[in-house]
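Biologist: I would like a close look at a single part of this model. Please take me through the sheet and what surrounds it.

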Amino acid sequence: MFYYRRRLADEARWGEHELDVLGEIVSPGGVAIDVGANQGFFAFAFSKIVDQVEAFEPNPDYADFARRMLGARARVHEIALSNQGGAAELVVPLSEQGIALHLAGNLK
């Protein structure tokens, strides 16, 4: 969990400012839903406040990472959420060096 504590501080400082105020805007108990969970930073933060966390992440690499790191803190669902039914393909491009460019991924 050291990884998440350190990354939460970095994420809050560099762009995810909501992480600093979750305790003020999220009521204790209940369920939190993290849509587009990525590596699970918000899911981890929510797990300190609520009773149950449901995290949704379509990228299999990120979903697997979040599942391993979060353990019992959250249920990670490897699926995309949308306002439309149907199926789509998640495309994660590769750089010229063969490195997965996860942040450039998109649904086709």
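Biologist: How many bridges join S2 to S3, and do they run parallel or antiparallel?

Modeller: Three bridges join S2 to S3, and the two strands run parallel. Keep in mind that this is a predicted model.

Now take the whole sheet. The sheet is open and has three strands, in the order S1-S2-S3, with parallel pairing. S1 and S3 (75–77) stand at the edges with a single partner strand each, so one side of each is left without a neighbour in the sheet. On average, neighbouring strands of this sheet are turned by 15° against each other, direction ignored. As background, strands of a sheet pair through backbone hydrogen bonds, either parallel or antiparallel.

Next, the other pairing. S1 and S2 (residues 52–56) run parallel and are joined by five bridges. Ala32 has Val53 in S2 as its bridge partner.

Then the surroundings of S2. Four of the five residues of S2 are buried, so this strand is largely enclosed by the rest of the structure. To reach S2 from S1, the chain crosses through helix H3 (residues 41–47), and this β-α-β crossover is right-handed. A right-handed β-α-β unit is also made by S2, helix H4 (residues 60–70) and S3.

Stay with H3 for a moment. Ala45 lies in this helix. Its relative accessible area is 11%, and because the cut-off for buried is under 20%, Ala45 counts as buried. Ala45 also pairs up in space with a residue from elsewhere in the chain. Gly23 is 22 residues away from Ala45 in sequence, yet their C-alpha atoms are 9.0 Å apart.

Finally, go back to S1, which spans residues 31–35 and includes Asp34. This residue deserves a look of its own. Asp34 is buried yet has no salt bridge. The nearest side chain of opposite charge belongs to Arg73, and it is 13 Å away. A salt bridge needs a side-chain nitrogen of Lys or Arg within 4 Å of a carboxyl oxygen.

What is Asp34 in contact with, leaving aside its neighbours within four places in sequence? The list is Phe42, Ala43, Phe46, Glu54, Ala55 and Phe56. Helix H3 covers residues 41–47, and S2 covers residues 52–56.

Methods: Residues numbered from 1 in each chain as written. Predicted model: local features only at pLDDT ≥ 70, side-chain atom pairs only at ≥ 80, totals over all residues. Heavy atoms only, no water. Buried < 20%, exposed > 50% of the residue type's maximum accessible area, 1.4 Å probe, protein only. Lys, Arg positive; Asp, Glu negative; His and termini not counted. Contact = heavy atoms within 4.5 Å. Pairing = 2+ DSSP bridges. Axes fitted to C-alpha atoms, helices over the stretch in contact; angles between N-to-C directions. Right-handed = clockwise from strand over helix to strand, strands pointing away.
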